[in-house]
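Let's take a friendly walk through this protein model, one piece at a time. Keep the structure in view as you read.

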Amino acid sequence: MGKMERLDKILALHGVGSRKEAGLLVRRGSVLINGVQAARAEQKVDPERDSISVEGKELTLRKHLYIMMNKPSGVLSATRDPRAETVVDLLPPKWRRKGIFPAGRLDKDTRGLLILTDDGDFAHRMLAPKSHVWKLYEAELDGPVGPEERERFREGISIGDRICLPAELYLPEGKPSSLVRVRIREGKFHQVKRMFGAVGREVTALKRLRIGNLPLDGSLKPGECRLMTEEEKSSVFEQEAENPGPSGGITEKC
Ligand code: URA
């Protein structure tokens with residue numbers, strides 16, 4: 001099932017008039033949902049599934065797009081840039097529509113899971129600090145980190161003038177390593193790089209593997225993308241079903 005929306009909102013979005021005018025049409029009995037006269041302007045419909053007609057003419061409903069991309073390094077997480085290639089430039093033309101944007105940014109040199117959508121509510125919900133959506137990254141460092149750094153990440157490390165929320169650092173077999181995974185639930189500017197910077201390490205490569213309970217589809221090559229399923233859309237807001245374990249699943253290939 002898609003996201004339910006108010007009938008008057010959908011009508012207004014599709015150029016039928018203002019919300020008020022849309023309400024009038026409903027009251028006049030001019031709006032049908034799946035062939036049945038709509039009862040109220042506030043009633044919820046599913047733009048992905050329902051058909052709506054106004055004065056006998058069926059609306060061609062514009063559905064939201066939800067795209068999973070394996071972002072390559074060297075591309076900006078932005079919609080348009082006069083000088084550099086953006087993730088929107090990588091989309092097939094049929095999805096490069098007005099209003100599409102990356103929901104959350106990855107640095108130019110960061111790779112991995114990125115969601116693009118034209119659904120502002122979805123993006124807002126995913127990015128709102130109070131949603132606490134976990135993001136899992138794999139980081140290559142210029143030297144090893146170990147249990148001591150793991151403890152500091154758990155306590156909430158300070159970067160600049162602020163303290164990060166507790167984060168989980170996963171070490172392969174619990175041992176010091178320069179290839180680690182880290183799970184955070186905020187998305188401050190350069191957050192992962194700054195967190196490692198605060199423990200004296202530089203991130204030499206960074207890849208996002210998971211958002212909430214949604215893993216990057218391992219069959220997507222860098223720069224490739226595909227539409228997300230309904231289940232995948234919901235899984236963004238689920239906590240990881242299983243704790244990835246002390247090593248964060250580092251032995252599995254991502
Ligand atoms: N943290 C970073 O430092 N960079 C990213 O791209 C994402 C998280």
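**A buried asparagine, a helix and a sheet**

N70 counts as buried because its relative accessibility is 5%, where buried means under 20% relative accessible area, exposed over 50%, and partly exposed in between (1.4 Å probe, protein chains only). This is a predicted model, in which local features need pLDDT of at least 70, side-chain atom pairs count only at pLDDT 80 or more, and totals for chains, interfaces and linings use all residues. Residues are numbered from 1 along each chain as its sequence is written, and side-chain values use heavy atoms, leaving out hydrogens and water.

N70 lies in strand β7 (residues 66-71); strands (E, at least two residues) and helices (H or I, at least four) are DSSP runs numbered from the N terminus. Leaving aside residues up to four places away in sequence, N70 touches G112, L216, L220, K221, P222, G223 and E224, a contact being heavy atoms within 4.5 Å.

Now look at helix α2 (residues 19-27), where A22, G23, L25 and V26 are buried. They sit on the same side of α2 because they cover an arc of only 160° around the axis, taken from the directions from the helix axis to the C-beta atoms. K20 and R27 are exposed on the face turned away from that buried side. The buried residues pack against α1 (7-13), β2 and β5 (52-54).

Strands β2 and β5 also belong to an open sheet of four strands, ordered β3-β2-β5-β6 with antiparallel pairing; two strands pair if DSSP finds at least two bridges between them. β3 (36-37) and β6 (57-58) are at the edges with a single partner strand each, so one side of each has no neighbour in the sheet.
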